[in-house]
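Please examine the structure below with attention to its aromatic rings and its backbone angles.

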Amino acid sequence: MMDLEDRKPWGVGVAGLGTVGAGLLSFLDGNPAFAPAGGLAYVSGVSARSRSRPRPFDISGLPWFDDPVALAQADSTEIFVELIGGSDGPAKAAVEAALKAGKPVVTANKALIAEHGAELAALAEEMDVPLLFEAAVMGGVPAVKMVREALVGDEIHSISGILNGTCNYILTEMEATGRSFADVLSEAQRLGYAEADPTMDVGGFDAAHKITILAALAFGCAPTFGAAEIEGIEQVELLDIRMAKDLGYRIKLVASAERSMHGALVRVHPTLAPLDHPLARAGGALNALFIEGERIGRIFVQGPGAGAGPTAAAVAADIADVIAGARRPVFQAPADTLAPFDPIDPSKMLGRAYLRFLVRDEPGVIAAVSETLAEAGVSIESFLQKPTEGAQGVPIVLTTHAVAESVLTAAVERIAGLPAVLDRPRLLRIARI
Ligand code: HSE
């Protein structure tokens with residue numbers, strides 16, 4: 001144990017004063033000793049895009065750095081906290097500079113870790129300093145520590161989660177209020193929930209960064225963002241939310257990572273989860289994670305995946321770990337032993353699906369659709385038709401039994417070509433959980 005007299009406060013350089021940076025500094029407002037680290041740290045310097053932007057706390061007494069790289073390299077910075085964001089640019093330059101200077105790094109940057117985690121881990125391990133990123137995944141929920149540390153004794157088979165609060169909020173509101181994706185998105189932007197450019201969130205990229213990190217930790221691989229298959233929620237229609245509900249499902253943006261003897265499959269897509277499944281019940285901006293392991297069986301956690309307080313608390317926990325001297329490989333195994341994921345070809349995966357077709361309301365159409373599916377060997381599990389007065393065409397919806405994705409997509413293509421089919425068919429996967 002460290003002798004109390006030997007303790008000296010650590011200087012923490014904080015780069016990026018957006019939502020999370022503001023949360024971290026608000027913790028310290030009026031209490032310069034860093035409480036979660038036992039009073040053993042203080043903010044030694046800050047850097048952000050604008051020094052003068054109005055903030056809910058006073059930074060006038062803190063040493064200011066225009067350049068985050070200079071902050072990372074400053075003698076006063078003993079722990080570098082990167083809250084700038086973005087996979088490249090100043091965030092990457094500053095983290096590399098800190099690691100090369102032999103400084104521990106704490107970051108909330110999922111894009112950086114998902115896209116450059118392996119090379120940064122190698123640099124951190126070469127310099128023998130920690131690189132911690134609890135806040136990068138699920139904000140205040142300790143998902144990274146859980147997978148990297150608490151579950152390291154098990155063999156994780158799959159992880160699936162709701163990892164983007166903005167998408168979860170939009171889907172929940174669409175169902176609750178009957179408004180369209182576009183309407184709810186603009187409201188979320190007005191309220192400040194969604195970014196002005198919401199592509200990272202609604203396009204599924206933010207969730208893909210997070211599941212890439214969890215998959216690397218769970219499967220002992222290098223994070224391989226390029227191997228993730230990504231579909232966002234932009235195409236989710238109210239009609240599908242309602243039809244799915246009538247069939248006993250809720251549409252969620254699910255990020256999943258599965259391991260088999262053939263490799264790993266990492267993907268993000270709108271998914272139908274049974275209404276009584278814990279993932280279906282996580283509403284609003286909540287994040288949720290479902291893990292299946294060889295010995296642990298099933299684990300489910302949920303909580304706030306974003307926001308100043310929860311995310312700053314996760315950053316603070318990492319700072320406390322650095323100070324406590326906690327050391328382990330950045331991922332599950334030393335960086336020089338990590339291999340990229342061996343991606344599974346998703347077209348070979350078996351799964352159930354939800355299909356929606358807009359068809360002419362005339363004799364023989366349902367028979368033609370079901371015959372095409374039967375010829376391809378796709379077995380129908382349930383079927384629903386909702387008459388819509390005055391509308392051109394009628395939507396028919398069906399769910400299938402498990403089938404290879406390549407077989408299903410080929411059959412759907414053939415159905416799309418039938419003369420009675422009026423619009424692009426919609427295919428959504430049903431959760432395998
Ligand atoms: N934009 C993310 C979300 C939070 O909506 O969940 C930060 O990762």
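Predicted model: local features only at pLDDT ≥ 70, side-chain atom pairs only at ≥ 80, totals over all residues.

A search of the whole structure finds two aromatic pairs. In one of them, F133 and F331 are tilted, with 5.6 Å from centre to centre and 40° between the planes. F133 belongs to the loop between strand 5 and helix 5, and F331 to the loop between helix 12 (308-324) and strand 12 (350-351), so the pair ties together parts that are 198 residues apart in sequence. F133 has a relative accessible area of 0% and is therefore buried; F331, at 1% relative accessibility, also counts as buried.

F290 and F300 form a tilted pair as well, with 6.2 Å between the centres and 55° between the planes. This pair links strand 10 (residues 286-293), which holds F290, with strand 11 (residues 297-304), which holds F300; the two residues are 10 apart. F290 counts as buried because its relative accessibility is 5%, under the 20% limit. F300 is partly exposed, with a relative accessible area of 30%.

The ring of F133 has a further neighbour: R148 lies over its face, at 5.7 Å from the ring centre.

Turning to the backbone, M138 is not a glycine, yet has a positive phi of about 60°. M138 lies in the loop between strand 5 and helix 5 (143-150). With 0% relative accessibility, M138 counts as buried. D128, likewise not a glycine, has a positive phi of about 60°. Its place is the loop between helix 4 (110-127) and strand 5 (131-132). D128 counts as exposed because its relative accessibility is 54%, over the 50% limit.

Terms used:
Residues numbered from 1 in each chain as written. Heavy atoms only, no water. Helix = DSSP H or I, 4+ residues; strand = E, 2+ residues; numbered from the N terminus. Buried < 20%, exposed > 50% of the residue type's maximum accessible area, 1.4 Å probe, protein only. Phe/Tyr/Trp six-rings, centres within 6.5 Å; stacked < 30°, edge-to-face > 60°. Lys NZ or Arg CZ within 6 Å of the ring centre and 35° of its normal.
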